[in-house]
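Reader: I would like a close look at a single part of this model. Please keep to what can be read from the atoms.

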There are 2 protein chains.
Amino acid sequence: MLSGKFAITIHILTLLNKFPNDYLSSEYIAGSINLNPVLVRKEIANLKAHNIVESKEGKNGGTKLAVDSSKLTLKEIFEMTFETIGLGYAKNQPNPDCPVGKNINQHLANLYADMNEKVSAQLQGISLEDFSNQF
Amino acid sequence: MLSGKFAITIHILTLLNKFPNDYLSSEYIAGSINLNPVLVRKEIANLKAHNIVESKEGKNGGTKLAVDSSKLTLKEIFEMTFETIGLGYAKNQPNPDCPVGKNINQHLANLYADMNEKVSAQLQGISLEDFSNQF
DNA sequence: CATACTGTAATAAAATATATTACAAATGTA
DNA sequence: TACATTTGTAATATATTTTATTACAGTATG
């Protein structure tokens, strides 16, 4: 799982949006991100699974947007790449015999859920087109 | 840098708040988090640097809160442990010769800055006491 | 003075992220 | 048809980051 999944995906989509009539190759995209093309293809596989892009194999193949960029919001991209936001959990399972240890993860989860709502509301208001138009 | 830094720190602080009159040892705290005591001491070092806790060396030593938990907000804890929230960046420096690559990180940073404001506003409204009282 | 702590550095191990290699299958084009 | 180019995907390797462990000097307590 790429840690920069969201960033990479939005980078890919911004490029695709800039060239809406072309099939861009993973190699070309990788050159802009400066990332291995195989990893680009992996993120594209994810986008394909969500029907955001379509791609064509073979010579002159590549990938292009399959949706209207004014309708695709950053919230959707976030959800496709990040599940959920938050400030993390301690890695090991806390001590279930301690009242704090037993419940901390649930309380953190509640806190993070609120956080997600706020962030989602923000991202919902920004389309790929909006984002792309900044460039 | 612990990835669960925030979670671990808030766990520590919640425990300290539950026993405001005792110096808790890193071993005891580590037992609740289920984390190596050395790492607990490292987070405590960070809290000490911010004057949130005080600790006592030697036998029967340990750490206790040095502030009023109703005055300490989760926002402050967030800032002490997490610098900033966001959805990440691609790891490698993007291609500066590409108009998208050249600017993407700045645009992402702007987006994340807005996100931080929203999250900070939320966390500002919750004190350590509030959080601790849930247990 | 023995014991139980903190503080911190150094090192090791584990987990995760990223890169590379390889190749089958698809497709355009000479 | 043969060739070049590209996707799709698996397998493996490398690098990076996290977490754990070990070690021990210094400090307070009884």
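How far is a phosphate oxygen of DNA strand D from an N or O atom in the side chain of A:Lys48?

Author: The model is predicted. In it, the distance from a phosphate oxygen of DNA strand D to a side-chain N or O atom of A:Lys48 is 2.2 Å. Elements giving two or more residues to the surface near DNA strand D are helix 3 (37-49) and strand 1 (53-56) of chain A, and helix 3 (37-49) of chain B. Helix 3 of chain A contributes the most, namely three residues.

The whole surroundings of DNA strand D comprise 29 residues, and the closest are A:Ser26, A:Lys48, A:Asn92, B:Asn36 and B:Gly58. By class, the residues of this surface are seven nonpolar, twelve polar and ten charged.

A:Ser26, one of the closest residues, falls in helix 2 (residues 26-33) of chain A, which packs against helix 1 (residues 5-18) of chain A at an angle of about 120 degrees, with the axes 10 Å apart. These two helices of chain A are therefore oblique to each other, and their crossing is right-handed. Helix 1 makes the contact through A:Ile8, A:His11, A:Ile12, A:Leu15 and A:Leu16, and helix 2 through A:Ile29, A:Ser32 and A:Ile33. Six of the contact residues are nonpolar and two are polar, with no charged residue.

Key:
Residues are numbered from 1 along each chain as its sequence is written. Chains are lettered from A and ligands numbered from 1 in the order in which they are written. This is a predicted model: local features need pLDDT of at least 70, side-chain atom pairs count only at pLDDT 80 or more; totals for chains, interfaces and linings use all residues. Side-chain values use heavy atoms; hydrogens and water are left out. A residue is near a molecule or strand if one of its heavy atoms lies within 4 Å of it. A polar contact is a pair of N or O atoms within 3.5 Å; within protein, one must be able to donate a hydrogen and the other to accept it, and residues adjacent in sequence count only if both atoms are side-chain atoms. Helices (H or I, at least four residues) and strands (E, at least two) are DSSP runs, numbered from the N terminus. Ala, Val, Leu, Ile, Met, Phe, Trp, Tyr, Cys and Pro count as nonpolar, Asp, Glu, Lys and Arg as charged, and the others, Gly among them, as polar. Axes are lines fitted to C-alpha atoms, for helices over the stretch in contact, and angles run from 0 to 180 degrees between N-to-C directions. Angles under 35 degrees count as roughly parallel, over 145 as roughly antiparallel, 65 to 115 as roughly perpendicular and the rest as oblique. A crossing is left-handed if the near helix is turned anticlockwise from the far one by less than a right angle, and right-handed if clockwise. Contact means heavy atoms within 4.5 Å.
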